[in-house]
Amino acid sequence: MKREDVPPPYTAVTRHEVFPTPTHDEAARFNFLTAFNKYLSGVVGPGNKLAYEKRVLPAFRAEHQRDPKDRFEIRHAMNKDPWHRFWSACKRNSMEMRQQNGRSMVLRQLEALDAKAREFNADRPTLELNPSVATPRYQNAVDIHCMPGSYHGEERPGDVSAGANYDCGIFATTAGGLGALSDGGGQALVEWIKRERPGWTPKRILDVGCTIGHNIVPLALAFPETEIIAIDTAAPVLRYGHARAQALGAKNLKFIQMNAEDLSRFPDGHFDWVQTTMFLHELSGKALPQIIREGVRVLAPGGLMLHLEQPQYSDEMPLYEQFIRDWDAFNNNEPFWSAMHAMDLKKVIEAAGLPRSSQFVTGVRAVVDPTVFPVAASGEKEDHGRAAVWNAYGAWKPQS
Amino acid sequence: MSDIDYILRAGARAKGKRPDFLGDPSSERMLSILLAVVGEVSVLKERLDTVERLLDSKGTISRADIEKYQPDRDAAYQRGLMTKEYIARVMRGVQQEMEAMQTDEKPVADISVDLRDN
Ligand SMILES: C[S@@+](CC[C@H](N)C(=O)[O-])C[C@H]1O[C@@H](n2cnc3c(N)ncnc32)[C@H](O)[C@@H]1O
């Protein structure tokens with residue numbers, strides 16, 4: 001048995017100062033869920049393809065005298081298959097159990113967590129909350145990835161429960177693939193930019209939809225001279241994220257509660273780096289282009305726009321893969337996921353003002369400590385939609 | 001202790017209609033109960049392992065020791081392997097159903113008739 005076939009223990013997660021303290025058994029519950037998720041994707045995940053090829057596709061062909069024409073037809077056919085249904089039921093339960101364990105751990109010590117966050121947050125100019133920011137419709141329609149209360153819900157006014165629950169369970173959902181601080185994506189961006197533009201120090205960075213700042217803190221630490229602003233519409237994750245960033249020593253990072261559809265607070269060309277990480281799939285068909293347009297407007301000539309996401313669907317991607325990548329969309333409350341991944345992002349970015357010739361797409365894999373954490377699997381055993389392997393859709397804004 | 005009923009709130013339902021996976025609500029509930037029990041047995045096994053390791057290394061244990069326990073790299077690997085094996089035992093039926101899809105078998109009764117006659 002190879003070491004990397006066994007997931008790292010929950011005790012390998014870094015307990016920064018605002019991290020909820022797990023009991024022995026809460027950690028063990030996350031260990032179970034981590035191993036269970038790995039089992040579902042790695043060991044029996046390929047069974048879905050088998051069911052498709054061996055019986056679902058032949059039955060479809062027999063009935064329709066043709067192949068499925070899109071991922072939706074495959075989904076409707078697969079949703080009748082007993083094996084796929086059972087697998088899906090297990091996966092959904094695993095997510096629900098993860099939420100219950102994370103929430104139980106957080107809510108039983110909420111008093112202490114809120115107090116700790118207040119210590120880091122009170123009267124700091126680096127946290128700006130604005131209660132008049134409404135929760136966008138697309139954030140309110142369902143509780144995203146089955147988190148009761150989503151990012152904006154509070155168990156009591158002014159709390160950090162949503163942020164703390166998000167932070168403590170992401171390790172189990174991704175089977176440890178994001179590393180000790182669940183920031184493997186942000187760490188990868190740091191490595192990438194140091195390779196791409198050695199010696200460059202951006203003056204100002206804007207991170208849009210930061211949640212608790214997992215993937216912006218590494219940039220703040222790597223560029224201590226840079227002024228960094230991270231925005232989100234949800235106050236509970238900002239409270240927690242700000243306290244966490246302060247605890248980790250990221251002092252050049254300011255969190256602002258703001259809707260990214262309207263960045264009028266910032267002048268044109270204000271930032272020389274504007275980014276989103278794992279964000280675009282939680283918007284809507286109208287909000288996404290609007291946010292990209294605003295991002296392009298506040299980006300300085302010569303500046304970098306970057307969007308980290310799971311790979312987009314394209315004609316080259318087999319329909320079966322598109323279908324399995326869509327699993328979270330319909331079974332884990334990600335209602336914009338499917339439509340977003342079918343969008344032509346290059347076209348959207350072009351329409352927002354960055355010509356194709358300024359654009360690029362590059363693969364990014366989570367950077368983690370490989371002696372403790374698994375390097376993300378890709379290919380057949382990949383946990384599609386959740387693997388720590390992404391594409392960066394980017395552009396360097398032309399000078400004039 | 002905060003004034004909210006954290007036990008009840010921890011299990012709160014997420015907004016959004018839950019898909020129908022198994023075709024009837026009782027099966028759906030049975031699976032969620034079963035998986036919860038499967039998870040708790042795993043927790044008990046891990047706790048017992050902690051107790052054994054602490055006894056091995058110190059000869060005595062306290063609850064505080066259990067709560068503080070952090071496995072080193074080898075212990076973490078062995079415990080991870082234990083959980084992996086445990087899950088594989090629980091999920092044997094699912095694994096075998098997957099393997100069965102790879103073959104095209106006839107009923108044993110047919111083989112039986114064949115062996116009788118040939
Ligand atoms: C999937 S999470 C982003 C994850 C995060 N960027 C990371 O890398 O860890 C989506 C976040 O976007 C926020 N959000 C959604 N719509 C927004 C909007 N219009 N403006 C700002 N934030 C928004 C949500 O509150 C949520 O915290």
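Student: Leaving aside its neighbours within four places in sequence, which residues is B:Ser42 in contact with?
Tutor: This is a predicted model, in which local features need pLDDT of at least 70 and side-chain atom pairs count only at pLDDT 80 or more, while totals for chains, interfaces and linings use all residues, and side-chain values use heavy atoms, with hydrogens and water left out. Residues are numbered from 1 along each chain as its sequence is written, and chains are lettered from A and ligands numbered from 1 in the order in which they are written. Taking contact as heavy atoms within 4.5 Å, and leaving aside neighbours within four places in sequence, B:Ser42 is in contact with A:Phe32, B:Thr83 and B:Tyr86.

Student: Is B:Ser42 buried or exposed, and what is its relative accessible area?
Tutor: B:Ser42 lies in helix H2 of chain B, where helices are DSSP runs (H or I, at least four residues) and strands likewise (E, at least two), numbered from the N terminus. With a 1.4 Å probe and protein chains only, buried means under 20% relative accessible area, exposed over 50%, and partly exposed in between. B:Ser42 therefore counts as buried, its relative accessible area being 3%.

Student: What is included in the cover of the buried residues of H4(B)?
Tutor: The buried residues of H4(B) include B:Thr83 and B:Tyr86. What covers the buried residues of this helix includes helix H2 (25-58) of chain B and, from chain A, H1.

Student: How many Å does helix H4 of chain B reach from its first C-alpha to its last?
Tutor: The expected span of a helix is 1.5 Å times one less than its number of residues. For residues 73-90 of chain B, 18 residues in total, the expected value is 26 Å, and the helix comes close to it, reaching 26 Å.

Student: How much area do chain A and chain B bury between them?
Tutor: Buried area is the accessible area (1.4 Å probe) that two parts lose on being put together, summed over both. The contact takes 58 residues from chain A and 56 residues from chain B. Of the area that the two chains bury between them, 62% is on carbon and sulfur atoms, and the total is about 5,000 Å².

Student: Which residue of chain A meets B:Arg18 in a salt bridge?
Tutor: A salt bridge needs a side-chain nitrogen of Lys or Arg within 4 Å of a carboxyl oxygen of Asp or Glu, and the count between chain A and chain B is four. In one of them, at 2.8 Å from N to O, the side chain of B:Arg18 meets that of A:Glu96.
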